[in-house]
Amino acid sequence: MDELLTILISRINYWVYIILMMVGMYGIIIKKNLMKKIIGMSILQTSVILFYVSIGAKKNATIPIIEHGHDTGHAAVQATHYINPLPHVLMLTAIVVAVATLGVALALAIKIYKQYNTLEEDELIEILKEKEF
Amino acid sequence: MIWQLDLIILMIVIVLGIGALTVKDLLSAAVLFGAYSFMMCLLWAIMGAVDVAFTEASVGAGVSTVLFVAAVFRTSRRTKD
Amino acid sequence: MKAIGVILVGFLGGLLIYCSMDFPPWGDPHSPASSHVSPYYIEHTLEDTSVPNIVTSVLADYRGYDTMFETVVIFTAGIACIFLLRVFKAVEPETRLYRHLPTGITLRIAQGGKFPDDSDQFKRIDSDWVPHDIILQTTCRMIIPFIQIFALYVIAHGHHSPGGGFQGGVIFGASIILFAIAFDLRSAIKRMGERLTAFLCALGVLIYAGVGLVCMLYGNNFLDYSALADILGVDRISARSHGILMVEIGVGLAVMAVMVVLYYNLASAGKHDEGL
């Protein structure tokens with residue numbers, strides 16, 4: 001029972017990330033509103049970031065800041081005692097880049113709204129078709 | 001990692017993510033997305049990624065919500081789906 | 001269309017869940033991701049750079065190239081937002097709202113009327129939000145200095161605790177955004193103008209690349225901060241620690257300025273006259 005529980009716990013995290021990723025993808029594909037599409041894109045991004053960070057998790061390990069004193073010097077550092085910092089670094093920059101690109105996406109949405117006075121995808125396509133003919 | 005806490009927050013994250021996509025008012029969607037980001041930050045703190053959690057708390061829950069609200073303010077709150 | 005989307009999403013989700021059976025178990029210390037390069041970082045960061053926060057040392061020292069070009073991406077996003085939205089030709093709004101400060105009367109000046117000067121007597125207010133918000137403004141005036149000091153602390157103390165240039169820069173930018181929301185966009189722009197923010201964006205990236213170039217001039221590799229030992233007058237290990245701090249300051253400046261630029265342009269749709 002206990003083993004089953006640990007297996008379930010170890011897998012359920014990954015399953016939740018996949019569900020979140022699919023929720024974001026559903027938003028991108030099916031929602032008609034551009035703002036909803038941007039929200040879906042952000043959810044997809046965060047789920048991928050979540051997956052990367054969870055790869056670096058280690059059991060019985062502490063946060064990646066080495067314990068140190070001022071005058072005691074330092075004992076040999078064991079890699080298994082600290083969580084893998086590499087995914088954290090890569091994803092930390094990814095989050096800040098995500099908000100910068102979110103700004104550009106919202107700027108595009110505002111520009112489209114100024115030009116066509118709507119944010120719905122189907123109305124936009126209709127307006128564009130009318131312009132063509 | 002405390003798995004009970006982890007499980008509860010995972011549930012809240014899914015509910016908030018679906019809520020942000022389905023709600024019919026874009027301002028509510030922006031605020032729900034801010035709550036989603038904050039729950040995500042707690043999830044990272046549970047996993048031990050303190051730097052990532054800090055970044056998400058300031059960027060995702062702070063600035064990106066403001067940017068969303070600003071964009072909704074300059075466009076429209078109405079949405080069909 | 002909707003059915004196709006649901007089927008596609010369901011199929012992809014099922015496929016990924018099937019593949020998740022092959023992932024290493026949760027929290028496995030010997031998983032492939034944590035068995036090659038990351039043990040080196042964990043074991044050598046203190047003797048190489050004397051920075052206890054491994055994330056900071058990897059971010060700015062071992063993988064400095066990565067972070068430099070991420071900063072360039074953020075800078076490019078800020079510039080792209082200016083190019084997309086900024087309206088340089090000033091379109092005069094038809095009506096403006098002014099508040100007569102001694103009496104508190106709100107004046108609405110229609111098109112063709114003479115706008116009063118921004119003196120002690122009259123103050124322009126946003127057309128979407130007329131009431132006084134004294135509580136909000138007083139509270140913000142009190143807490144904004146503390147937010148800014150905290151942001152500087154986060155940048156400076158990133159070596160020993162969670163934090164660094166990205167977080168500190170975002171918090172500093174958020175304090176300016178808070179000022180712009182609590183007061184109005186015009187007084188925020190008066191304090192931190194468009195030219196200044198654009199200059200700071202570029203300056204941040206320039207500091208980062210400049211530190212790398214100085215290292216190169218002293219005969220080391222690009223972004224190998226141990227070359228700074230002679231300039232700073234410290235040993236080579238502390239020089240790497242100080243080099244990380246310089247780079248973090250550059251990142252903080254760039255990120256702060258880009259956040260402010262994004263907010264200014266999004267909140268006013270590029271006109272820079274009336275914000276949230």
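**Helix packing**

Analyst: From the N terminus on, the elements of chain B run α-α-α. Please note that this is a predicted model.

User: How many helices and strands does chain B come to, then?

Analyst: Chain B has three helices and zero strands.

User: And what box do the C-alpha atoms of chain B fill?

Analyst: Along the principal axes, the C-alpha atoms of chain B occupy a box of roughly 40 × 20 × 10 Å.

User: At what angle do H3(A) and H3(B) pack?

Analyst: Helix H3 of chain A (residues 86–116) packs against helix H3 of chain B (residues 50–74) at an angle of about 0°, and their axes are 10 Å apart. The two helices, H3(A) and H3(B), are therefore roughly parallel to each other.

User: Which residues make that contact?

Analyst: On H3(A), the contributors include His88(A), Leu92(A), Ile95(A) and Tyr113(A). On H3(B), they include Asp51(B), Glu56(B), Phe68(B) and Arg74(B). By class, the contact of H3(A) with H3(B) has 14 nonpolar, four polar and three charged residues.

User: Switching to chain A on its own: how far does H1(A) reach?

Analyst: Helix H1 of chain A covers residues 2–30, which is 29 residues, and spans 41 Å from its first C-alpha to its last. That is close to the 42 Å expected at 1.5 Å a residue.

User: Where does H1(A) bend?

Analyst: The bend is at Ile12(A) and amounts to about 25°.

User: How does H1(A) pack with H2(A)?

Analyst: H1(A) and helix H2 of chain A (residues 34–55) meet at an angle of about 160°, with their axes 7 Å apart. Angles over 145 degrees count as roughly antiparallel, so H1(A) is roughly antiparallel to H2(A). Their crossing is left-handed. By class, the residues in the contact of H1(A) with H2(A) are 13 nonpolar, five polar and one charged.

User: Which residues of H1(A) and H2(A) meet?

Analyst: Among them are Tyr14(A), Tyr17(A), Gly24(A) and Ile29(A) in H1(A), and Lys37(A), Gly40(A), Phe51(A) and Ser54(A) in H2(A).

User: Now chain C. Is the crossing of H6(C) and H10(C) left-handed or right-handed?

Analyst: The crossing of H6(C) and H10(C) is right-handed. H6(C) spans residues 165–182 and H10(C) residues 236–268; they pack at an angle of about 30°, with their axes 7 Å apart. That makes H6(C) roughly parallel to H10(C).

User: What meets what there?

Analyst: Residues of H6(C) including Gly165(C), Phe166(C), Gly169(C) and Ile181(C) meet residues of H10(C) including Glu248(C), Gly252(C), Met259(C) and Tyr264(C). The contact of H6(C) with H10(C) divides into 14 nonpolar, four polar and one charged residues.

Conventions
Residues numbered from 1 in each chain as written. Chains lettered and ligands numbered in written order. Predicted model: local features only at pLDDT ≥ 70, side-chain atom pairs only at ≥ 80, totals over all residues. Heavy atoms only, no water. Helix = DSSP H or I, 4+ residues; strand = E, 2+ residues; numbered from the N terminus. Expected span 1.5 Å × (residues − 1). Bend = angle between axes of the 7 residues up to and from the residue. Axes fitted to C-alpha atoms, helices over the stretch in contact; angles between N-to-C directions. Parallel < 35°, antiparallel > 145°, perpendicular 65-115°, else oblique. Left-handed = near helix turned anticlockwise from the far one by under 90°. Contact = heavy atoms within 4.5 Å. Nonpolar A, V, L, I, M, F, W, Y, C, P; charged D, E, K, R; others polar.
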